[in-house]
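Please have the sequence and the 3D view open while reading.

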Amino acid sequence: MTDAFFLGVAGKTFLISLGVTAAALVLGFPLAALMWRAPAVWRSPISIIVLSPLLVSMVASSYGWIVILGQNGVINNALIGLGLIQSPIKLLYTDLAIGIGLVHVVLPFMVLNLVAALDRIDMAVSEAAASLGANRARIWWHVLLPLCVPGIGAGVTLCFSLSISAYVTPAVLGPSGPNFITTLIYQNFVSLYEWGAGSAMAFLLLIVAASAVFGLGALTNLLAPARRRT
């Protein structure tokens, strides 16, 4: 378990999962705010769009990203058409492709938790802040964001746990060979028949994920407005 290759794969898995969680939070907040503020007639269509990644098999959605990120895919053709690049750049089978695919998978979970947190906030709170002279940015930063801490904590915990334990997306979109801790575990079990090493890696993954969940839960309780008032 102290092998440099294993530590490198484990460290990369941890960093990609953190990056995916941060990206889901940054992208999820505007979507959650849009759903929260939307009229009732528009809320269902927006919800269907946000939840659409969960309506398709993870295998099918991962292969869909191959069409988008490939050498002759949508992104490379668009960049060449706009004159931004002269030849296709390598997007597919990279760590970036793993991150993009995982953000697509976990984003609905972040949005749903943020919307649930926003729904618990009385609209009169932001209206009262506005009547006292606070602009929209100050209302979000000083009023709404602190009240969303429980939802942020739940979303971050769920997205990180799903990212670090993902297998299909890294296997389809990532570089060849063991590129994620889960693909390394699979290789040890299925290809190398190293069941002892595979079991140890799987147990370590469980410990890391459980520690992250416990730590994020404690941090959420510490930062939650109700906790800070006591």
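## Helices H7 and H8

The axes of helix H7 (residues 136–147) and helix H8 (residues 149–164) come within 4 Å and cross at roughly 55 degrees. Helices here are DSSP runs of H or I with at least four residues, numbered from the N terminus. Axes are lines fitted to C-alpha atoms over the stretch in contact, and angles run from 0 to 180 degrees between N-to-C directions. H7 and H8 are therefore oblique to each other; angles under 35 degrees count as roughly parallel, over 145 as roughly antiparallel, 65 to 115 as roughly perpendicular and the rest as oblique.

Leu-145, Pro-146 and Leu-147 of H7 meet Val-149, Pro-150 and Ile-152 of H8, where contact means heavy atoms within 4.5 Å.

## Source of the model

The model is predicted: local features need pLDDT of at least 70, side-chain atom pairs count only at pLDDT 80 or more, and totals for chains, interfaces and linings use all residues. Residues are numbered from 1 along each chain as its sequence is written, and side-chain values use heavy atoms, with hydrogens and water left out.

## Helix H10

In helix H10 (residues 181–191), the buried residues are Ile-181, Thr-182, Thr-183, Leu-184, Ile-185 and Asn-188. Buried means under 20% relative accessible area, exposed over 50%, and partly exposed in between (1.4 Å probe, protein chains only). Their cover includes helix H1 (4–37), H8, helix H9 (168–173) and helix H11 (195–223). After H10 comes Tyr-193, with a positive phi near 55 degrees.

Key. Helices (H or I, at least four residues) and strands (E, at least two) are DSSP runs, numbered from the N terminus.
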